[in-house]
Amino acid sequence: VYAHLAHPSSHVRTPQLFNAAFAARGDDVVAVSIDVDPAGLAVLVDGLRAWRNLAGFGITMPHKEALAALVDDTVGDAARIGAINNVRREPDGRLIGRNTDGEGFLAGLRREGHEVAGRDALLIGAGGAGRALAFALAEAGVGRLTIANRSRARAEQLAADVARAHAAPTAAGPPDPAGHDLVVNATSLGLQPDDPLPVDPERLESGTLVAEIVMTPGETPLMRAAAERGCRVHPGLPMLECQIELVRSFLELERPS
Ligand SMILES: NC(=O)c1ccc[n+]([C@@H]2O[C@H](COP(=O)([O-])OP(=O)(O)OC[C@H]3O[C@@H](n4cnc5c(N)ncnc54)[C@H](OP(=O)(O)O)[C@@H]3O)[C@@H](O)[C@H]2O)c1
């Protein structure tokens, strides 16, 4: 079993997508959705340690940061990011966390022919996904990174964390897309039909690539507004699709049994 933890979970498409991928590859795994609220998270995760045929689990909003503190160990950039979106269950019940959001996002962009090296990037959102994307964009060599967030202190903290680890000039700033080559929405704005846009569309310039990470709806109001302004747009789904192989390899599904 590969579980998927979210709250709420009705908008989440990961289990369906992973089930199709597992079936296509002949993996003996089924993905199931678990809706757990923050108050129940620790007790659920402790119970998952005892689930002997659990390969691992994915995690999305709002649990990624909380989970980073509940696992026994992490790999890759997860500790610096402070959030994880995948856990492998070891045979002895130990839980190992990893964050594949950033790598998946970059792979999705590259799959569609977009390179980020040297770009002047505006990242909106400093939550779990935003933190992963900030480290990944810096690692991939963006020329400059500006991070905007509703709670400004989180953007400032993230900019300082990234600046400590990477050379790219990184700072917190306003969500003003003007003058940026790449604008990324890593907030949850766009999930609900009456959400405000994360940026003022009047400030979008036609040369800018506007990338979304919200997957439902497939075309968000931000993507529509950006396309109307002549921008190139990139949807949220490729980021998830490109994480499937990363997760299969992390779960060691290829390991001979
Ligand atoms: N495509 C993919 O593969 C993929 C992967 C991961 C996540 N996602 C999507 O990415 C989104 C964010 O996920 P997450 O895990 O980062 O969630 P999270 O940790 O809860 O962070 C939510 C982010 O959205 C901001 N936000 C929420 N409501 C807002 C509002 N009304 N106005 C302005 N900002 C607001 C938050 O700002 P504050 O800090 O001020 O609260 C924070 O930056 C979700 O929609 C999720 O489904 C997609």
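This is a predicted model: local features need pLDDT of at least 70, side-chain atom pairs count only at pLDDT 80 or more; totals for chains, interfaces and linings use all residues.

Q: What is the order of the strands in the open sheet?

A: Strands of a sheet pair through backbone hydrogen bonds, in either a parallel or an antiparallel sense. In this model an open sheet of 6 strands runs in the order 2-1-3-5-6-4, and its pairing is mixed. Strand 2 (31-35) and strand 4 (73-74) are at the edges; each has a single partner strand, so one side of each lacks a neighbour in the sheet.

Q: In which sense do strand 1 and strand 2 pair?

A: Strand 1, residues 2-6, pairs with strand 2 in the parallel sense, over 5 bridges. Within this pair, Y2 stands opposite A31 of strand 2. Helix 1 (residues 14-25) packs on the sheet and touches both strand 1 and strand 2. The direction of helix 1 makes about 165° with that of strand 2.

Q: What is the volume of the largest pocket, and which residues are the closest to its centre?

A: Rolling a probe the size of a water molecule over the atoms shows where empty space is left. Here the largest pocket has a volume of about 1,000 Å³. It is lined by 47 residues, of which M61, A129, A186, T187 and S188 are the closest to the centre.

Q: Which elements give two or more residues to that lining?

A: These are strand 1, helix 1, strand 3 (56-59), helix 3 (64-68), helix 6 (128-139), helix 9 (237-241) and helix 10 (243-250). Helix 6 gives the most, with 3 residues. By class, the lining of the largest pocket comprises 21 nonpolar, 20 polar and 6 charged residues.

Q: How many cavities of 30 Å³ or more are counted, and what lines the largest cavity?

A: The count comes to 1 cavity of 30 Å³ or more. The largest cavity has a volume of about 40 Å³. Its lining consists of L189, G190, D195, P196, L197, P198, E212, T220, P221 and L222. By class, 6 of these lining residues are nonpolar, 2 are polar and 2 are charged.

Conventions. Residues are numbered from 1 along each chain as its sequence is written. Side-chain values use heavy atoms; hydrogens and water are left out. Two strands pair if DSSP finds at least two bridges between them. Helices (H or I, at least four residues) and strands (E, at least two) are DSSP runs, numbered from the N terminus. Contact means heavy atoms within 4.5 Å. Axes are lines fitted to C-alpha atoms, for helices over the stretch in contact, and angles run from 0 to 180 degrees between N-to-C directions. On a 1 Å grid over the protein atoms alone, a cavity is a set of points where a 1.4 Å probe fits but cannot get out, and a pocket is an open set with protein on both sides within 12 Å along at least five of seven lines; lining residues have an atom within 4 Å of a point. Grid points are joined across faces, edges and corners, and a volume is the space filled by probe spheres set on the points. Ala, Val, Leu, Ile, Met, Phe, Trp, Tyr, Cys and Pro count as nonpolar, Asp, Glu, Lys and Arg as charged, and the others, Gly among them, as polar.
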